[in-house]
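This briefing sets out selected side-chain features of one protein model, grouped by topic. Please read it alongside the sequence and the structure shown here.

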Amino acid sequence: MQAIQQHDVGGELFWADAPDPVAGHGEVVIDIVASAVNRADVMQAAGKYPPPPGASPVIGLECSGTISEVGAGVDGWAVGDRVCALLAGGGYAEQVAVPATQLLPVPDGVSLEDAAALPEALCTVWSAVRDMPDPSPGAMAIVHGGSGGIGTVAIQLLRAHGYRVAATSSARHLELVRSLGAELAIDYRSDDFVDAVLTATDGRGAECILDVVGGDYLARNLAALALDSALTVIAVQGGAKTEIDLRTMMTKRVTLRAMTLRARPVTGRGGKDAVVAEVRERWWPLVGQGVVQPVIGARLPMIEAQRAHALMGSSESPGGKILLVR
């Protein structure tokens, strides 16, 4: 098969021959139709986010396509099934082997190509909020980076979960986050999200924050939170280190959580299998009904992965996911 390769860390991405994947026990091989670009992919290409032990060195954390091989010990899936999958790596390729427990059927009303934009975002957001109490009536959640691949899904999922949503984004994407259900669309460059959320909640604050920024956002996030609330950090685009005011956390009884999805085990405590199964049971029907939809900002040929990564990191980055299509 062929896959996106890289001679040196930080070097150019190119399309070249790679070993054919083989379905191991409990795995299937997918003939890939599309993959989606995630910020973790860009970080891996730059040498800042290496794949976990045993994962494919090929970039790509999600894909869609058809099953071409079924390994021993796999039940419920067959050759020819149209699927999308959560991956630990390997999505920028013609084929990939993946544990069958990380497969999802292509939802009704979603094209096979567009389904590639769903697994990473839905599983990431759900794993971040699945253990939290249900929101109280009128509760607000804040989604930072609301126009990104994760943020566009987070707005829809949190709305469906019963939250009012405030979302931060650049000015040119404010209308997008509003169209997805954000009650407050906040320009992160010019507006104060703390004041906006406190005003909208009569001073109470948000019960939940999903943060992709980290860094100096921590103090502002704490100021925007309500009593008995939760802050979940899923990325650190603004920096990994900051000071923390423990007294504020104690006074507000804030739960600070941090998580990644890629390094979770396939099975066992915290396993991806449980997250995927819950997404399929709880959220996949809502995708089929159009309540939660993939947002596609751009489509490029997979061989142009380098250009896709540059686009994601530019001021012209589109809202939603960038798809790499074979």
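Arg 262 lies over the face of Tyr 49, at 5.2 Å from the ring centre; a charge is taken to sit over a ring if NZ of Lys or CZ of Arg is within 6 Å of the ring centre and within 35 degrees of the ring normal. This is a predicted model, in which local features need pLDDT of at least 70 and side-chain atom pairs count only at pLDDT 80 or more, while totals for chains, interfaces and linings use all residues. Residues are numbered from 1 along each chain as its sequence is written, and side-chain values use heavy atoms, with hydrogens and water left out.

**Aromatic residues**

- Arg 220 lies over the face of Tyr 217, at 4.9 Å from the ring centre.
- Two aromatic pairs are present in the structure; rings of Phe, Tyr and Trp (its six-membered ring) pair if their centres lie within 6.5 Å, and planes under 30 degrees apart count as stacked, over 60 as edge-to-face and the rest as tilted.
- Trp 126 and Trp 283 form an edge-to-face pair, because their ring centres are 5.6 Å apart and their planes stand at 65°.
- Trp 126 belongs to helix H2 (residues 119–129) and Trp 283 to helix H8 (residues 272–288), so this pair ties together parts that are 157 residues apart in sequence. Helices (H or I, at least four residues) and strands (E, at least two) are DSSP runs, numbered from the N terminus.
- Both Trp 126 and Trp 283 are buried; buried means under 20% relative accessible area, exposed over 50%, and partly exposed in between (1.4 Å probe, protein chains only).
- Phe 193 and Tyr 217 form a tilted aromatic pair, at 5.5 Å centre to centre and with 35° between the planes.
- Phe 193 lies in helix H5 (residues 193–200) and Tyr 217 in helix H6 (residues 217–224), so the pair ties together parts that are 24 residues apart in sequence.
- Phe 193 counts as buried because its relative accessibility is 1%, and Tyr 217 is buried with a relative accessible area of 8%.

**Salt bridges**

- A search of the whole structure finds 10 salt bridges, each being a side-chain nitrogen of Lys or Arg within 4 Å of a carboxyl oxygen of Asp or Glu.
- One of them joins the side chains of Lys 321 and Glu 62 (2.4 Å, N to O).
- Lys 321 lies in strand E15 and Glu 62 in strand E4 (residues 62–70), so that pair ties together parts that are 259 residues apart in sequence.
- Lys 321 and Glu 62 are both buried.
- Another salt bridge is formed by the side chains of Asp 114 and Arg 299 (2.7 Å, N to O).
- This pair links distant parts of the chain, 185 residues apart: Asp 114 is in the loop between strand E7 (103–105) and H2, and Arg 299 is in strand E14 (residues 296–301).
- Asp 114 is buried at 16% relative accessibility, whereas Arg 299 is partly exposed at a relative accessible area of 43%.
- Glu 113, Asp 114 and Arg 299 are linked in a network of salt bridges.
- The side chains of Glu 207 and Arg 204 also meet in a salt bridge (2.2 Å, N to O).
- Glu 207 is buried at a relative accessible area of 12%, whereas Arg 204 is partly exposed at 39%.

**Surroundings of two buried residues**

- Lys 321 is placed in strand E15 (residues 321–325) and is buried, with a relative accessible area of 3%.
- Leaving aside neighbours within four places in sequence, Lys 321 is in contact with residues including Glu 62, Ala 117, Glu 120, Gly 149 and Ile 296; contact means heavy atoms within 4.5 Å.
- Ser 169 lies in strand E9 (residues 164–169) and counts as buried at 3% relative accessibility.
- With neighbours within four places in sequence left aside, Ser 169 is in contact with Ser 147, Leu 174, Val 177, Ile 186, Asp 187 and Tyr 188.

**A partly exposed loop residue**

- Ser 314 is in the loop between helix H9 (305–312) and E15 and counts as partly exposed at 30% relative accessibility.
- Ser 314 and Arg 39 are 275 residues apart in sequence and 12 Å apart in space, C-alpha to C-alpha.
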